[in-house]
Amino acid sequence: MAARTILSTQCLYTAARRAYSSNTDKNVAFLGLGNMGGFMAANLVKKGFTVRGYDPSKDALNAAAKNGVTPANSIAAAVDGVDVVVSILTSNKVVLDVYLGKDGVVAHAKKGSLLIDSSTIDPNVPKQIFPIALEKGLGFTDAPVSGGVMGAQNATLAFMAGGRKEDFERPLPLLKVMGAKQFHCGEIGSGQVAKLTNNMLMGITGMATAECMNMGIKMGLEPKVLLDVLNNSSARSWSTEVYCPVPGLVPTAPSSRNYDGGFKNELMVKDLELASGMALGIRSPIPLGAVATQLYRIVQSRGYGQKDFSFVFQLLKEENKN
């Protein structure tokens, strides 16, 4: 019975999709217009997509409007009649409410449209949304991104998608406007698994880079000399080349902008907690991940949750004075 139900809902989506086979998916709703979503939506507009956006923040809506996004006053108004819905939201609860709420996406999107959620959330959340969306004749894929605010601004994001292959291939022209790399990771939820794995490693290497640079500088090495050594040695990484936690060494890194405009420490804590929960569920040991989670929690408890996660360098630096 369950197999027949799944098959019938898949046929419903396929039939609805065929009805729009000549559609080029140029009409997009974008939900979540914050640091990441605002730039992603703006890049779509630049490439000729018609974008209608919604965000509960009036400031975010106004900023997006300046970049050509048409503001909507509700989720229902944003998704009405569009071909594709893209969202990048803050938490499991928000994603579930936005998609499955009475006034949410699934209730108001037209049949045959494709839903793409680029939030970073528990892999079980897209698994809850997918069958309900499919039953309504909608496609759904989880496609979180990596690259941070700079990647969103420069359209160099990496998309990690989970779901049916056809729901990955259909939006590739749209994804390529917002990012440089697109990966189909497997079944629904696998995009989130890839993203949480990536972010745990990013948190660990960021912590390690801050710790070791602090040690070398404290021992008397010039910061620039130390960074040059690391970037030309076996310790080279994204955290040393692109995201150096020491101010003034990499001009485009958040550390050189007072740790503003990057990946907020509070979001790193959220992602590490999600990754830790995922690891616990499969009994996968994460000793370094656990240490990183606690260290970034300390940064947040000191009142620096809104700063970029590389602010951990300043925490370690301050400990020298105690």
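Buried residues have under 20% relative accessible area and exposed ones over 50%, with partly exposed in between, for a 1.4 Å probe and protein chains only. The model described here is predicted: local features need pLDDT of at least 70, side-chain atom pairs count only at pLDDT 80 or more, and totals for chains, interfaces and linings use all residues. Residues are numbered from 1 along each chain as its sequence is written, and side-chain values use heavy atoms, with hydrogens and water left out.

**Domains and their interface**

The domain assignment, which comes from an automatic or database source, gives domain 1 (27-187) and domain 2 (194-317). Their centres, taken over C-alpha atoms, are separated by 28 Å. The contact (heavy atoms within 4.5 Å) takes 14 residues from domain 1 and 15 residues from domain 2. Buried area is the accessible area (1.4 Å probe) that two parts lose on being put together, summed over both; for these domains it is about 1100 Å², 66% of it on carbon and sulfur atoms. Thr-120, Met-150 and Met-160 supply 44% of the area that domain 1 buries against domain 2, more than any other three residues.

Across this interface the rule finds 0 salt bridges, a salt bridge being a side-chain nitrogen of Lys or Arg within 4 Å of a carboxyl oxygen of Asp or Glu. It does find 5 residue pairs in polar contact, both residues at pLDDT 80 or more. A polar contact is a pair of N or O atoms within 3.5 Å; within protein, one must be able to donate a hydrogen and the other to accept it, and residues adjacent in sequence count only if both atoms are side-chain atoms.

**Salt bridges**

The structure holds 11 salt bridges, including the three tabulated here.

| Pair | Closest N and O atoms |
|---|---|
| Asp-167 and Arg-164 | 3.1 Å |
| Glu-169 and Lys-165 | 3.8 Å |
| Arg-297 and Glu-273 | 3.1 Å |

Asp-167 and Arg-164 are both buried, and together with Glu-166 they are linked in a network of salt bridges. Helices (H or I, at least four residues) and strands (E, at least two) are DSSP runs, numbered from the N terminus. Because Glu-169 and Lys-165 are 4 residues apart in helix 9 (residues 165-169), about one helical turn separates them. Lys-165 is partly exposed at 44% relative accessible area, and Glu-169 is likewise partly exposed at 44%.

Arg-297 forms a salt bridge with Glu-273. This pair links distant parts of the chain, 24 residues apart, with Arg-297 in helix 15 (residues 287-304) and Glu-273 in helix 14 (residues 265-281). Arg-297 is partly exposed at 33%, and Glu-273 is partly exposed at 39%.

A nonpolar core is a set of buried Ala, Val, Leu, Ile, Met, Phe, Trp, Tyr and Cys residues joined through side-chain atoms within 4.5 Å. In the largest, of 32 residues, Met-213, Met-268, Tyr-296 and Phe-309 touch the most other members. Helix 11 gives the largest share of this core, 7 residues. Beyond four places in sequence, the residues that Met-213 touches include Leu-226, Val-246 and Phe-313. Apart from this core lies another, of 31 residues, among them Val-51, Ile-116, Leu-157 and Leu-174.

Asp-271 lies in helix 14 and counts as buried at 2% relative accessibility. Its side chain joins that of Lys-270 in a polar contact of 3.4 Å. Neighbours within four places aside, Asp-271 is in contact with Thr-120, Leu-196, Asn-199 and Phe-263.
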